[in-house]
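This report looks at a ligand site and at backbone angles. Please view the model alongside the text.

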Amino acid sequence: MRIAAKGLTYVYNPKSSFATQALKGVDLTIEEGEFFGIIGHTGSGKSTFVQHLNALIRLTGGELKVGEYDLADKKCKVLELRSKVGMVFQYPEYQLFAETVKKDVAFGLKNFRKGISAEETEAAVREALSVAGLLYDEVAERSPFELSGGQRRRVAIAGVIVTKPEVLILDEPAAGLDPLGKKELMELLHAIHGQWCKTIVIVSHDMDEIAENCTRAAVFSEGKVAFCGTPKELFSRGEELAAMGLDVPVTARCAQILRENGIELDTDFTCGDFIGKVLALYRGDGAPAPCAGGEQEPAAARAEREEGAPALREGGEDAQ
Ligand SMILES: Nc1ncnc2c1ncn2[C@@H]1O[C@H](COP(=O)(O)OP(=O)(O)O)[C@@H](O)[C@H]1O
Ligand SMILES: [Mg+2]
């Protein structure tokens with residue numbers, strides 16, 4: 001399902017003295033199959049935008065199409081849309097409420113597929129829990145409140161993916177998790193992306209997370225999309241991001257330091273690519289040439305590279 005927004009506007013509390021224009025004309029297209037990131041400082045309209053995608057917030061201005069669903073059409077089948085576009089809110093574990101994990105995960109499914117049999121429900125819940133990285137036999141009959149925070153978040157995600165949505169939207173999915181928890185969550189989202197949901201949209205503050213995981217990302221600023229592109233395109237514009245109060249990934253900061261020292265690295269800012277390029281530079285295989293005005297390669301390093309031998313050779317002879 002392709003998502004296409006054009007001139008999307010939204011005002012909270014219109015016609016009151018508290019009116020807030022949260023979206024001021026969002027133009028954005030997300031292609032089917034993407035792992036798409038939405039970034040921007042607090043209050044830039046990210047949550048308001050994503051809640052439009054499954055009509056949790058009804059369209060009041062502009063155009064929005066999600067697959068074949070036209071959100072501007074009063075006859076748009078909203079319930080059907082919601083079963084295809086799943087939404088995981090920030091801290092979703094706080095929305096768990098049933099007395100067992102099994103009942104909690106089944107809740108959404110029963111809501112969308114009236115009359116579904118007990119066997120079908122159990123099979124779907126089992127599968128969703130397994131995709132979410134939980135063992136049905138271990139957790140199904142337990143109260144969600146007995147589980148760890150990370151497990152509860154997985155249960156909440158299972159409760160959304162149980163309908164097999166084509167698009168999965170997560171608002172700040174890794175908020176509050178420790179580094180290992182974040183890494184495992186991202187691995188889970190990639191597994192879901194491959195297996196179940198064609199398109200994933202994540203709202204995130206974490207630029208490293210965006211650089212590592214997303215096909216493209218949009219930068220929201222004051223209710224609009226300031227720019228949109230691949231992580232490589234976005235993080236090459238570090239100064240503009242800084243002007244919007246946004247950070248860049250650690251790899252982009254390191255690339256900037258190298259640039260200031262005369263070395264231009266052509267990297268996509270993922271850790272793997274960045275480290276690979278730095279190692280190539282260090283070893284001298286396919287290394288980028290130092291840029292004009294930059295430091296020359298130290299003679300000792302060049303000798304080591306060319307000879308594959310220690311720079312200072314026997315007899316204390318100079319490496320050159
Ligand atoms: N329920 C609400 N009622 C009134 N104003 C809101 C509400 N939710 C968000 N806003 C306002 O709308 C703007 C955009 O908010 P939001 O979409 O939550 O941004 P973000 O997710 O980027 O932090 C902000 O100015 C925020 O204060
Ligand atoms: Mg938000």
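## A loop residue with positive phi

Lys164 is found in the loop between α6 (149-161) and β7 (167-171). Helices (H or I, at least four residues) and strands (E, at least two) are DSSP runs, numbered from the N terminus. Phi of Lys164 is near 55°, a positive value in a residue other than glycine. Most residues other than glycine have a negative phi. Lys164 is partly exposed, because 17 other C-beta atoms lie within 10 Å. The cut-offs: 20 or more other C-beta atoms within 10 Å is buried, 12 or fewer is exposed, and in between is partly exposed; C-beta atoms are placed from the backbone.

## Basis of the model

This is a predicted model, where local features need pLDDT of at least 70, side-chain atom pairs count only at pLDDT 80 or more, and totals for chains, interfaces and linings use all residues. Residues are numbered from 1 along each chain as its sequence is written, while chains are lettered from A and ligands numbered from 1 in the order in which they are written.

## The shell around ligand 1

Residues surrounding ligand 1 include Tyr12, Thr20, Gly43, Lys46 and Thr48. A residue counts here if its C-beta atom, placed from the backbone, lies within 6 Å. α1 (46-52) and β2 (20-30) each supply at least two shell residues. α1 gives the most, with 3 residues.

By class, the shell has 9 polar, 2 nonpolar and 1 charged residues. Nonpolar means Ala, Val, Leu, Ile, Met, Phe, Trp, Tyr, Cys and Pro; charged means Asp, Glu, Lys and Arg; the others, Gly among them, are polar.

## Asn13

Asn13 is also one of the residues around ligand 1. Asn13 lies in the loop between β1 (3-12) and β2. Its phi is near 50°, a positive value in a residue other than glycine. Asn13 counts as exposed, because it has 9 C-beta neighbours inside 10 Å.
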